[in-house]
Amino acid sequence: MPLEDHIQGVSHAELGAISSMSDTLITSVSGIRGIVGKELTPELVARYAAAMGVLARREAVVVARDARTSGPMLAAAARAGLQSVGCRVIDCGLVPTPTAQLAVEHHGAGGGIIVTASHNPVEWNALKFVGPDGIFLDEQANGRLSEAAGRWEAGAIPRAAWDEIGEVEADSGAVQRHLDRILGLSMADVDRVREKQFVVVLDCVRGAGGTIMPDLLEQLGCQVIGIDLETDGRFPRSPEPVPQHLERLCQAVRERGADLGVAVDPDVDRLALVDETGRAIGEDYTLAFAVRAVLERELGPVVVNQSTSLVVDDAAAAFGVAVERAPVGEANVARAMRDRGAIIGGEGNGGVMLPELHLGRDAPLAALLVLGLLSRTGATVSELVTAQPQYSIVKVKVPRTGELVETYASLEGRFPDAAADRQDGLRLAWSGRWLHVRPSGTEPVVRMIAEAASARQAEELITLTQEILAAGR
């Protein structure tokens with residue numbers, strides 16, 4: 001039974017009394033996030049874990065974490081919370097997020113808790129909650145879980161007696177199973193990639209990527225030049241793999257004459273590329289290349305989120321396939337892919353999702369598909385980029401201070417000729433350009449993203465949005 005159904009079935013008596021929670025803790029489809037020692041504490045983590053255990057009907061629950069220095073402490077709190085309600089804990093330790101999602105499926109677990117703040121700065125951490133299908137809980141289920149955790153006072157959760165405390169079982173094979181699954185995919189051009197002997201510079205930002213990415217690339221016959229492969233969580237730069245943070249990787253590609261550079265975020269569900277000239281090309285191209293790699297083999301629906309670049313639409317259109325859009329958030333895209341029978345999908349932040357593997361963003365998978373495309377076409381990364389129509393995308397974020405309803409209405413009034421979509425904030429679209437405004441689910445900010453044929457056109461959309469937003473405050 002899906003965990004969402006379990007949540008729906010919990011009685012008010014089980015929820016217990018109301019207790020206070022931090023007003024600044026971010027709860028969304030991405031789980032709960034906060035600054036360690038302030039919003040996010042071991043006590044809070046244990047409470048959420050206990051709630052998750054009860055809602056999972058005390059079945060086994062997978063626990064995993066990324067490399068953040070706060071991870072061991074918070075993972076221990078999660079294990080304790082689960083044990084306290086009689087759950088058996090399957091502890092994967094320090095592994096990529098997609099590895100943990102696959103572990104939930106492998107063990108037939110009742111769910112999973114992953115301690116990771118993904119791309120957030122080092123002082124942050126978070127809990128991501130996985131259902132028994134290996135997909136993150138949707139916004140409604142996350143909301144009910146938060147409500148349940150917030151309503152239990154100390155002593156109100158039905159705790160296990162001394163002889164019913166849940167046991168902890170270590171799973172040391174999760175990463176190897178993940179590697180085996182990727183290399184065994186029907187779309188894996190392993191032999192062809194090995195023949196190319198690509199020289200790849202790899203930047204893991206001292207996150208969980210060091211547990212899997214070097215092994216994957218070496219098994220694909222690549223010569224790997226590593227940057228920050230250590231898994232100590234002491235990020236040497238801002239951990240989000242966007243172009244402005246990848247100068248060291250770009251420089252290494254140029255100096256070493258590499259075929260490409262790849263960077264992953266701390267929990268290894270996003271992949272960014274640097275071309276052979278040492279230019280960071282933007283994360284949207286990761287998904288565009290992966291879509292092309294898959295559609296060359298088999299045609300089918302493609303689903304992406306509303307903030308994904310038109311380069312993905314163009315890649316799909318080359319095969320006569322239209323792209324469908326879902327709200328931002330892996331859980332939203334995963335469910336839309338499942339409902340629409342998508343063959344591939346993901347998010348424009350470098351998150352590639354292939355149902356043949358699992359419905360989750362997966363950086364090792366993305367690397368495999370990109371290298372396969374390079375090996376089959378014989379093209380360089382820069383040649384693949386220039387072969388497609390070019391766009392400029394501008395991304396801005398500003399602090400969130402209130403609701404955005406009036407901003408959305410003002411924007412729709414200003415652009416009556418645009419196709420408006422309110423699935424997730426507001427997305428306005430024209431032929432060859434679009435604007436997306438939404439509250440972030442991972443930071444206390446408003447995100448504004450615009451794309452057009454020129455930087456000037458995209459910047460004009462952003463500037464107007466900022467003016468309308470400021471006027472409404």
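Buried means under 20% relative accessible area, exposed over 50%, and partly exposed in between (1.4 Å probe, protein chains only). The model is predicted: local features need pLDDT of at least 70, side-chain atom pairs count only at pLDDT 80 or more, and totals for chains, interfaces and linings use all residues. Residues are numbered from 1 along each chain as its sequence is written, and side-chain values use heavy atoms, with hydrogens and water left out.

**Stop 1: the partner of Arg361**

The term covers a side-chain nitrogen of Lys or Arg within 4 Å of a carboxyl oxygen of Asp or Glu. The two residues are 14 apart: Arg361 sits in the loop between β15 and α14, Glu347 in strand β14. Glu347 is buried too, with a relative accessible area of 2%.

**Stop 2**

Show the strands in the order β13-β12-β14-β15. These four form an open sheet with mixed pairing. Strands pair if DSSP finds at least two bridges between them. Helices (H or I, at least four residues) and strands (E, at least two) are DSSP runs, numbered from the N terminus. The edges are β13 (323-326) and β15 (351-353), each pairing on one side only. Strand β14 (residues 344-347) runs antiparallel to β15, joined by three bridges. Pick Gly345 to find Met353 of β15 opposite. Next, select helix α11 (residues 284-295). It packs on the sheet, touching β12 (302-305), β14 and β15, and its direction makes about 175° with that of β14. Axes here are lines fitted to C-alpha atoms, for helices over the stretch in contact; angles run from 0 to 180 degrees between N-to-C directions.

**Stop 3: the largest core**

Which residues touch the most other members of the largest nonpolar core? Select Met213, Leu220, Leu271, Phe289, Val291, Ile344 and Leu371, out of 82 residues. Helix α14 (residues 363-377) gives the largest share of this core, ten residues. Such a core is a set of buried Ala, Val, Leu, Ile, Met, Phe, Trp, Tyr and Cys residues joined through side-chain atoms within 4.5 Å. Zoom in on Leu271. Beyond its neighbours within four places in sequence, its contacts (heavy atoms within 4.5 Å) include Met213, Val262, Glu283 and Ala367.

**Stop 4: Asp91 and Arg79**

Move to Asp91 and Arg79, whose side chains form a salt bridge (3.3 Å, N to O). Asp91 lies in strand β4 (residues 89-94) and Arg79 in helix α4 (residues 71-83), so the pair ties together parts twelve residues apart in sequence. Is Asp91 buried or exposed? Its relative accessibility is 19%, which counts as buried. Arg79, at 21%, counts as partly exposed.

**Stop 5: Cys92**

Select Cys92, which counts as buried at 8% relative accessibility. Its sulfur is 15 Å from the closest cysteine sulfur, in Cys87, too far for a bond. The structure holds zero disulfides, a disulfide being a pair of cysteine sulfur atoms within 2.5 Å.

**Stop 6: strand β2**

Finish at β2 (residues 31-35). Four of its five residues are buried, so the strand is largely enclosed by the rest of the structure. Strand β1 (residues 26-28) forms a hairpin with β2, with two residues between them. Strand β6 (residues 124-130) also runs antiparallel to β2, through four bridges. There, Gly34 stands opposite Asn125.
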